[in-house]
Amino acid sequence: MTFTLALEPGLTCRALKRRLPGMQARAVSFAEYCCLVSRRFVLASRFLKGKTSPAIRRPFVILALICTAFSPPVVAADKVELSVDVTKTGAKIDRNIFGQFAEHLGHGVYEGIWVGPDSRIPNTRGIRNDVVAALRAIKVPNVRWPGGCFADEYHWRKGVGPADKRVVTLNPNWGGVIEPNAFGTREFMDFLDQIGSDAYLSVNVGSGTPQEAAEWLEYMTAAQPTTLSKERTANGHPSPYKIGYLGIGNESWDCGGNMTPDYYLSQLKVYSRFVRNFNPAQQDKQQMLKIAVGPGGDGPRWTEWTEAVMKAYQQHTWSWDINGLSMHNYTVVQWPPSYTSVGFGETEYSQILKSTLEIDGLISKHSAIMDKYDPEKKVALVVDEWGGWYAPLPGSNPGFLVQQNSMRDAVLAALNLNIFARHADRVRGANIAQMINVLQAMIITDNEKMVLTPTYYVFKMYVPFQDATFVPVTFDAGWYTHGDIALPRVDAIAAKDANGKLWLEITNLDPKQPAEIEVNLTGINAKAAVGETLTAPKVDSVNTFDVPNTVLPKPISAQVRGGKLALTLEPKSVTVISVEQ
Ligand code: AHR
């Protein structure tokens, strides 16, 4: 296997040597020598630029080029050794990190989920059967609804009652289109029943009132015969609904009302106090968890926001409480999103992956602030909007956030999920944006057609990690480099499920080179290891309605030798295996 070495600005020869752990001594010295010499000539030619005539500078430029030419392709990269000690376990990987997000946006809800009972698309009470079947297979733990920015303009009363009496409004956030309110409370809860998932409701803080939100919760959860609970019964649901999570506002620092931390905190306390869940089954156990608005990026604005909310939490009294702090982080590189979701190459692949890995630092930074005010980690960090956000597909309504989903997104999803798993003690919820037809979707539909995306398959392969116990994996990933970008060659996590079975996920980020993997196991007598691997011909390979199986998981097995596993991962691949003992 060859390793291509690119000269990076600021890369010292000592750093170069650290990056090439598997190289033979002679190759290292030769590479180091060329690197050192070429850097000297590069620096000299830069220094002379503009200070002397081109004729004097030219020899330095030529020597720099010659030496640089000798520095790259040096030696083969070694196999990557992973060490997994199953006797050492960590936190539970909360199944809620595999949550989804369905906003009234573009065709995310209308057409993606809701086609109406009279549609020729096969449906159950208006909800499409093909989508339900696909989502059941990935065991969606919770769905965040109705937004997003939409949530702060949503008024629940317009979405209850007989279908022909629903109030028709507009959706000013997303394309200014008609919002028929045909998909309201009953339809959302029916959809959750059909897919077997919990509700994560985002209540309107921006343009609603605490009373409106409190009444919505009374309507949904009261068991006693109040006027509102009787209305729910009349609308077809006598028993109280269960609400798992309550988001108090969405991006209140921006589309949710442009609030300062202090203003938001005064709202948060009031909503937390008065928006109650009356469901008798949720009083002691299975209590509804309240999620406060948290940071939306990197920088002092966001650390100040987290500081303010967590400081208030530390001083909170009996009358209000929160159980989670939300974080939004899209992989976008720059706003407005300009990277395309199809028709890109290795440069955009590596840039997007570099950008996505930055969420690790962001989580660490905000976790550290949370640790200061909540050392017992009672408040979860809930990354309730994440994923790749690219330029709208040509010809689509820009307000609908339509993009394709490629092999790059599969790798991106795996890297993010692995980061959440490594922070499992604090990150106990996450919702990819968004479930269907919007941004980094699981499913794309067009009228009666439906296709499952590479990201869908990653979520499917990761099902065994839901509520599994984290097992630390140690490894020296080595480097995959492209241009001036250096990324770890591989990433990996491990976990033990409820039956004690060991699961391993290994991602090969390198889009050109396979990765030879050896897994040293302690505390387990491995007999076999089998699973699935997801890869594709190109980094921008996608599944389409016409060709839906370009990116599809296929079986893989590891060889077991002397208690060790050995397997080869294809370039740009996501692999999940379980170990039989
Ligand atoms: O997911 C699209 C939008 O991104 C959401 O509505 C908003 O919360 C975020 O800015």
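Helices (H or I, at least four residues) and strands (E, at least two) are DSSP runs, numbered from the N terminus. This is a predicted model, where local features need pLDDT of at least 70, side-chain atom pairs count only at pLDDT 80 or more, and totals for chains, interfaces and linings use all residues. Residues are numbered from 1 along each chain as its sequence is written, and side-chain values use heavy atoms, with hydrogens and water left out.

View 1. pLDDT is the predictor's confidence in each residue, from 0 to 100. Averaged over the protein, pLDDT comes to 90, and 87% of the residues score at least 70. Among the elements, helix H1 (residues 13–19) has the lowest mean pLDDT, 39, while helix H13 (residues 454–461) has the highest, 99. Residues 1–51 have a pLDDT below 50, and beyond near neighbours in sequence this stretch has 78 contacts in the model (contact means heavy atoms within 4.5 Å). Residues 67–76 also stay under 50, and here the model has 26 contacts beyond four places in sequence.

**View 2. Helix H9 and what covers it.** H9 runs over residues 300–314, which makes 15 residues. From first C-alpha to last, H9 reaches 21 Å, close to the 21 Å expected at 1.5 Å a residue (the expected span is 1.5 Å times one less than the number of residues). Its buried residues are Trp302, Thr303, Trp305, Thr306, Ala308, Val309, Met310, Ala312 and Tyr313. Buried means under 20% relative accessible area, exposed over 50%, and partly exposed in between (1.4 Å probe, protein chains only). What covers the buried residues of H9 includes helix H8 (261–274), strand S10 (289–292), strand S11 (324–331) and helix H11 (359–373).

**View 3. Zooming in on threonine 306.** This residue sits in helix H9. Threonine 306 has a relative accessible area of 0%, so it counts as buried. Leave aside its neighbours within four places in sequence, and threonine 306 is in contact with Pro295, Leu325, His366, Ile369 and Met370.

**View 4. H8 against H9.** These two helices pack at an angle of about 35 degrees, with their axes 10 Å apart. Axes are lines fitted to C-alpha atoms, for helices over the stretch in contact, and angles run from 0 to 180 degrees between N-to-C directions. H8 passes H9 in a right-handed crossing. (A crossing is left-handed if the near helix is turned anticlockwise from the far one by less than a right angle, and right-handed if clockwise.) On the H8 side, Pro261, Tyr264, Leu265 and Leu268 make the contact, and on the H9 side it's Trp305, Ala308, Val309 and Ala312.

**View 5. H10 alongside H12.** Helix H10 (residues 346–357) packs with helix H12 (residues 407–422) at about 15 degrees, and their axes are 10 Å apart. H10 and H12 are therefore roughly parallel to each other (angles under 35 degrees count as roughly parallel, over 145 as roughly antiparallel, 65 to 115 as roughly perpendicular and the rest as oblique). The crossing of H10 and H12 is right-handed. Glu348, Tyr349, Ile352, Leu353, Thr356 and Leu357 in H10 meet Arg408, Val411, Leu412, Leu415, Asn416 and Ile419 in H12.

View 6. Most residues other than glycine have a negative phi, and most peptide bonds are trans. The bond from tryptophan 145 to proline 146 is cis, with omega near 5 degrees, and proline 146 lies in the loop between strand S5 (142–145) and strand S6 (169–171). Another cis bond links alanine 433 to glutamine 434, with omega near -10 degrees. Glutamine 434 is in the loop between strand S13 (427–433) and strand S14 (443–446). Asparagine 437 lies in the loop between S13 and S14 too, and its phi is positive, about 65 degrees, although it's not a glycine. Asparagine 437 is buried, at 9% relative accessible area. Asparagine 447 has a positive phi as well, near 50 degrees. You'll find asparagine 447 in the loop between S14 and strand S15 (449–452), where it counts as partly exposed at 40% relative accessibility.

View 7. Look for aspartate 425 in the loop between H12 and S13. At 36% relative accessibility, aspartate 425 is partly exposed. Not counting residues up to four places away in sequence, aspartate 425 touches Ala91 and Lys377.
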